[in-house]
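Please open the model in your viewer, keep the sequence panel beside it, and follow the stops below one at a time. At each stop you will be told what to select and what to look for there.

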Amino acid sequence: MASAYTCKVCSTNLNLYSANAFPPDFYFEAGNKDSLSFSAVDAANFKFEKEDKIRPFFETLNYWGIQRKRTKIKCNTCASLLGHVYDDGPPLTDSPGQFHMGPSQVIPRAARYRFKTKALTIAYT
């Protein structure tokens with residue numbers, strides 16, 4: 001049976017189900033440490049805030065940068081930080097490509113919703 005998750009601060013049901021979760025051993029270059037990753041979420045339960053910081057950051061040993069652009073995921077009820085949205089590739093699009101020369105050869109991927117394990121509790125299994 002599937003698990004449902006709630007916000008640890010206000011106990012609001014977030015409509016996150018283990019059926020949409022990536023397996024714990026699924027490989028992401030940015031890692032999975034202390035987080036749960038989902039392929040889809042119910043956007044009505046969350047606030048999404050764009051974050052744009054200019055300072056050094058390290059995702060992995062081989063991947064670092066100066067400017068970090070990502071999206072914060074906050075609880076819609078209590079506004080506590082639950083995690084971040086990561087784009088592990090180019091966005092999904094129906095576009096004919098740049099200059100109408102066809103789509104890019106890069107495989108598009110949907111966004112990954114990465115939640116901190118310390119921000120969630122399991123409601124039922």
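Select Thr-6 to begin, a residue found in strand S1, where a strand is a DSSP run of E of at least two residues, a helix is a run of H or I of at least four residues, and both are numbered from the N terminus. Thr-6 has a relative accessible area of 10% and is therefore buried, given that buried means under 20% relative accessible area, exposed over 50%, and partly exposed in between, with a 1.4 Å probe and protein chains only. Before going further, note that this is a predicted model, in which local features need pLDDT of at least 70, side-chain atom pairs count only at pLDDT 80 or more, and totals for chains, interfaces and linings use all residues. Residues are numbered from 1 along each chain as its sequence is written, and side-chain values use heavy atoms, with hydrogens and water left out.

Now show the side chain of Thr-121 as well, with which the side chain of Thr-6 makes a polar contact at 2.5 Å. A polar contact is a pair of N or O atoms within 3.5 Å; within protein, one must be able to donate a hydrogen and the other to accept it, and residues adjacent in sequence count only if both atoms are side-chain atoms. If neighbours within four places in sequence are left aside, the residues in contact with Thr-6 (heavy atoms within 4.5 Å) include Asn-13, Leu-14, Ala-119 and Thr-121.

Next, select Cys-7, which is buried, with a relative accessible area of 0%. How far is the sulfur of Cys-7 from the closest cysteine sulfur? The distance is 3.7 Å, to Cys-78, which is too far for a bond. A disulfide is a covalent bond between the sulfur atoms of two cysteines, and here it is counted as a pair of cysteine sulfur atoms within 2.5 Å. Move on to Cys-78, which is partly exposed at 28% relative accessible area, and whose sulfur is 3.6 Å from the closest cysteine sulfur, in Cys-10, again too far for a bond. By this rule, the count comes to zero disulfides.

Centre the view on Leu-82, whose contacts beyond four places in sequence include Cys-7, Leu-14, Phe-46, Ile-73 and Phe-115.

Then go to Glu-51 in strand S4 (residues 46-58). Is Glu-51 buried or exposed? Glu-51 counts as buried, because its relative accessibility is 8%. The side chain of Glu-51 makes a polar contact with the side chain of Arg-70 at 2.5 Å.

Finish at Phe-22, in the loop between S2 and strand S3 (35-38), where this residue is partly exposed, with a relative accessible area of 26%. Select Leu-36 too: the two are 14 residues apart in sequence and 7.6 Å apart in space, C-alpha to C-alpha. Zooming out, you can follow eight strands and zero helices in the chain, and of its 125 residues 30% are buried.
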